[in-house]
Amino acid sequence: MRYEKNWAGNYTYGAVECHVPDNLDEVRERVAGSEKIKVLGSRHSFNGIADTHATHLSMERMNRVLSLDREHNRVTVEGGIRYGDLCTYLHEQGYALHNLASLPHISVAGACATATHGSGDAHGNLATAVYSLEIVKADGEVATFTRDEADGEFFGAVVGLGALGVVTKLTLDVVPAFDMMQHVYEGLPLSEVQHNFEAIVASGYSVSLFSDWTDTTFNQVWLKQTVPAGSTSVPGVGQFHGAKLSEVNLHPVPGQEAEHCSEQCGIAGPWHERMPHFKMAFTPSAGEELQSEYIVPREHALSALEAIASLRENIAPLLFTSELRTIAADRLWLSPCYEQDAVGFHFTWKPDWESVRQLLPEMEARLEPFRARPHWGKLFTMSPEKLQLYYPRLPEFRDLARRCDQAGKFRNAYLDTYIFNV
């Protein structure tokens with residue numbers, strides 16, 4: 001068995017084989033007996049972070065919920081479970097996660113390992129829900145990292161980029177289940193965002209601003225809010241900072257049909273059917289596409305927005321859509337939100353890598369004064385030297401990774417370039 005490409009089809013893996021273990025013992029045996037090995041999750045990364053020229057290990061069969069701790073409000077899952085499946089289980093048990101990404105299709109372990117995030121002023125990225133994780137190290141032995149440990153290495157292990165080993169088990173904090181609804185507004189002027197940014201992003205549990213940069217407006221605002229249990233429909237106000245309420249469901253990519261998107265128009269429903277932008281049952285987003293994302297300290301949000309707007313004429317021809325979201329600070333060493341509230345500027349590009357590759361250095365140069373950090377799993381051209389400056393705990397992370405993997409069994413070209421290149 002072998003997976004040749006990632007989900008979007010833009011990256012071809014170099015692995016010669018892929019093994020799919022059923023249990024922890026099989027993982028330990030395979031890892032201990034391999035010279036080079038990398039874990040392959042749901043294949044939603046757009047670069048070589050999960051690549052190898054040797055053996056891939058897919059966790060897709062280790063995808064169960066193992067336990068639900070109602071006393072401490074925690075759930076323990078295997079590393080291969082996807083958010084869509086976990087959310088269905090949690091909701092049936094009366095629980096929820098604090099945040100979700102745009103897509104419910106991604107694996108929990110992979111999303112946490114790359115600090116993937118959702119949206120909301122008060123909400124940290126998905127990895128901030130992790131209470132503990134179990135990792136199979138290079139020698140096949142098992143290590144467990146827990147948030148309560150005195151040495152603090154847990155905060156280095158959670159966003160691990162696959163450098164420490166195979167994440168076989170995670171325990172996540174959960175909260176009581178709740179209902180949500182969302183309204184979409186069209187035509188938010190850029191000037192309104194510049195003058196009322198704080199009020200706009202604080203207007204809901206989760207707020208996303210979408211633009212295709214063809215003009216000086218945000219095409220859509222997706223405003224997600226909690227509602228009382230038992231609500232069926234909540235009307236929206238006609239105007240939102242100059243944007244007009246949509247009376248039909250919309251897709252964030254202009255011209256795309258909305259049937260794949262989560263329900264809008266104020267129709268209430270379970271948290272896990274409203275918080276993501278896309279439904280689990282459908283192919284997510286636009287299909288064949290490229291993605292980049294830059295996370296900027298919140299204090300620089302408007303300056304970064306102006307820098308991106310200055311490239312509007314170069315960005316628009318290559319773009320499906322872009323999204324602006326807020327993310328709360330955390331304590332995770334390799335998180336782009338380490339000790340700082342942040343804003344994510346996400347770009348979903350048309351599948352023209354050569355043109356995008358030429359544009360990204362200019363975009364990164366415009367964003368450099370604002371210490372923009374690229375999403376670990378998406379496309380960027382930033383030099384390793386610049387990227388490493390933004391992570392003050394990187395030397396400690398390297399030490400931790402080397403203790404878990406002395407021979408470099410889990411290292412690959414990506415990690416050698418961006419993490420271990422000193």
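**Strands, loops and a buried glutamate**

Glu257 sits in the loop between β15 (243–245) and β16 (269–270). Strand labels like these come from DSSP runs, numbered from the N terminus: a strand is a run of E with at least two residues, and a helix is a run of H or I with at least four. The model is a predicted one, so local features need pLDDT of at least 70 and side-chain atom pairs count only at pLDDT 80 or more, while totals for chains, interfaces and linings use all residues. Residues are numbered from 1 along each chain as its sequence is written, and side-chain values use heavy atoms, with hydrogens and water left out.

Glu257 counts as exposed because its relative accessibility is 61%; the cut-offs are over 50% for exposed, under 20% for buried, and partly exposed in between (1.4 Å probe, protein chains only). Glu257 and Ala50 are 207 residues apart along the chain, and their C-alpha atoms are separated by 32 Å.

Another glutamate tells another story. Glu364 belongs to helix α8 (residues 353–367). Glu364 is buried yet has no salt bridge, and the nearest side chain of opposite charge, Lys386, is 7.3 Å away. A salt bridge here needs a side-chain nitrogen of Lys or Arg within 4 Å of a carboxyl oxygen of Asp or Glu. For charge, Lys and Arg count as positive and Asp and Glu as negative, with His and the chain ends not counted. What the side chain of Glu364 does reach is the backbone nitrogen of Thr381, at 2.8 Å. Setting aside neighbours within four places in sequence, Glu364 is in contact (heavy atoms within 4.5 Å) with Tyr294, Phe380, Thr381 and Met382.

Now for the strands. Strand β19 (residues 342–349) has 8 of its 8 residues buried, so it is largely enclosed by the rest of the structure. Both of its faces are covered, with Ala342, Gly344, His346 and Thr348 on one side and Val343, Phe345, Phe347 and Trp349 on the other. Strand β17 (residues 290–297) pairs with β19 in the antiparallel sense over 8 bridges; two strands pair if DSSP finds at least two bridges between them. In this pairing, Ser292 has Phe347 of β19 as its bridge partner.

Elsewhere, 5 strands make an open sheet in the order β4-β5-β9-β7-β8, with antiparallel pairing. The edges are β4 (65–69) and β8 (142–146); each has a single partner strand, so one side of each is left without a neighbour in the sheet. Within this sheet, β5 (residues 74–78) and β9 (residues 166–173) pair over 5 bridges, and Glu78 has Lys169 of β9 as its bridge partner.

Arg43 has a positive phi of about 65° although it is not a glycine. Arg43 lies between β2 (37–40) and β3 (55–58) and is partly exposed, at 26% relative accessibility. Trp213, also not a glycine, has a positive phi of about 60°. The loop holding Trp213 runs between β12 (206–211) and β13 (217–227), and Trp213 is buried at 4% relative accessibility. Ser107, in the loop between β6 (95–96) and α3 (108–113), is buried with a relative accessible area of 5%. Not counting residues up to four places away in sequence, Ser107 touches Gly41, Ser42, Ile81, Arg82 and Tyr83.

Terms used. Polar contact = N/O pair within 3.5 Å; in protein donor to acceptor, adjacent residues only side chain to side chain.
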